[in-house]
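Hi,

Here is the structure we talked about. Please load it first, then read my notes below.

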Amino acid sequence: MLVSGRLVGLDQHVEIEVIEGVFSTITKVKDNGFDSQGVFIAPPLIDVQVNGFAGYDLNSDDVKVEDVCQMVKSLWKTGTGFCCPTIVTGSHQRMSRSIQAVTAALKDDAIGSSIIGIHVEGPYISPQDGPRGAHSKEHVRRPDWDEFQRWQDIAEGQIKILTLAPETEGAIALIEKLTASGVVVAIGHTSAKYQQIQDAIRSGATMSTHLGNGAHAQICRHPNYIWDQLAADELHASFIVDGHHLPPSVVKSMFRAKGLERTILVSDAVHLAGLQPGRYQFGGRDIELTADQSVRLYGTDYLAGSAIELVRGVENSVKFAGISLDQAFQLATVRPAGVLGLDNRIGSIQVDRNADYITFQWDELESKINVLSTVIGGQNRN
Ligand SMILES: [Zn+2]
């Protein structure tokens, strides 16, 4: 099979030969009348934080393996080829059931090849209003290595990221154990002081989760936990670039402060993402999905999750931060792959690697991406 188009990252028209699901050759070809209607080729997007999509909620009380599979399949249509299903704060049993459902979905070859690990966000986070975000206060608790190990057993070792607040009692000891066992520790939903962030880093934390969100509405201008994490070169940081969680100027400033080398895009999508705008029930609350893809508590300005596809985050990064399409793609491909230690396998298009790619059209004026296909291991997934 031959794939033809402009390769993102190379900024060159190429022909790529795929043999038995593997990139065999990549040949540069002369641009002949290439225009804005032309096809672009890029690695599939990698979303390390997605709670649900297209109506499928990984954190519902009755989540089933089929929900996980349908979520992954819906993500394929949007250009996201790889993801970390994200399980958020809840009772031990509810979180166990969600982890169990994802682990069962991993047994399916096609679904399993797209799930690159489970992200557990909480429950060892700040109980304070603001940093806690939309996580249930009732279920926030102290770090518990035994509980985590039970989940990791259910997950057959597939929990790859844990987001916690380093100021919680016992968090630093937990970080040491987690990192020794190969789990990426991310700082998030936190009100940590400078020294607590430094202690977390020294114990192995390597990431900040959706920096700038899961925070107090008002904080001391400086110092505070946002500056302290922005300044920490040891930490990659993920950002929700949906145009609602962070204003455009903040996205631009934070990208520059953190540096594109350490910046990761996540969708943090909830199950309403990909649905029609309207009023829904979510966790017993009245929620509105607006036409501009924000999820709010009905009749208020309070955000109750994100409703973007990760590809919208790529578009917005170009628009808000003034970076190139190539740079924006890196934030959602090779960068998250690197944090998980998977950049030798996914996140870029290279000869002898699995033929994982997307094709799309790019409207530069409108900063819009129209995904045409998502291909994993040479198989078209949409
Ligand atoms: Zn969160």
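How are the donor residues of the zinc ion spaced in sequence? The pattern is E-x67-H-x20-H. Keep in mind that this is a predicted model.

Zinc site. The donors are Glu 121 (OE), His 189 (NE2) and His 210 (NE2). They coordinate the zinc ion at 2.0 to 2.1 Å. Distant parts of the chain are linked here: Glu 121 lies in strand S9 (residues 118-121), while His 189 lies in the loop between S11 and H6, 68 residues apart. Both Glu 121 and His 189 are buried.

Helix H6. This helix spans residues 194-202, and its buried residues are Ile 197, Gln 198, Ala 200 and Ile 201. They sit on the same side of H6, because they cover an arc of only 160° around the axis. In an α-helix, residues three or four places apart point the same way, because there are 3.6 residues a turn. The cover over the buried residues of H6 includes helix H5 (171-180), strand S11 (184-187) and helix H7 (225-231). Gly 204 follows H6, with a positive phi near 120°.

The sheet. Four strands form an open sheet in the order S15-S16-S17-S18, with antiparallel pairing. Strand S15 (278-282) and strand S18 (303-306) are at the edges; each has a single partner strand, so one side of each has no neighbour in the sheet. On average, neighbouring strands of this sheet are turned by 30° against each other, direction ignored. Strand S16 (residues 285-289) and strand S17 (residues 294-297) run antiparallel and are joined by three bridges. Leu 289 is opposite Val 295 in S17.

Best wishes

Terms used
Residues numbered from 1 in each chain as written. Predicted model: local features only at pLDDT ≥ 70, side-chain atom pairs only at ≥ 80, totals over all residues. Heavy atoms only, no water. Buried < 20%, exposed > 50% of the residue type's maximum accessible area, 1.4 Å probe, protein only. Helix = DSSP H or I, 4+ residues; strand = E, 2+ residues; numbered from the N terminus. Arc of directions from axis to C-beta. Contact = heavy atoms within 4.5 Å. Pairing = 2+ DSSP bridges. Axes fitted to C-alpha atoms, helices over the stretch in contact; angles between N-to-C directions. Donors = N, O, S within 2.8 Å, 3.2 Å for Na, K, Ca; no water.
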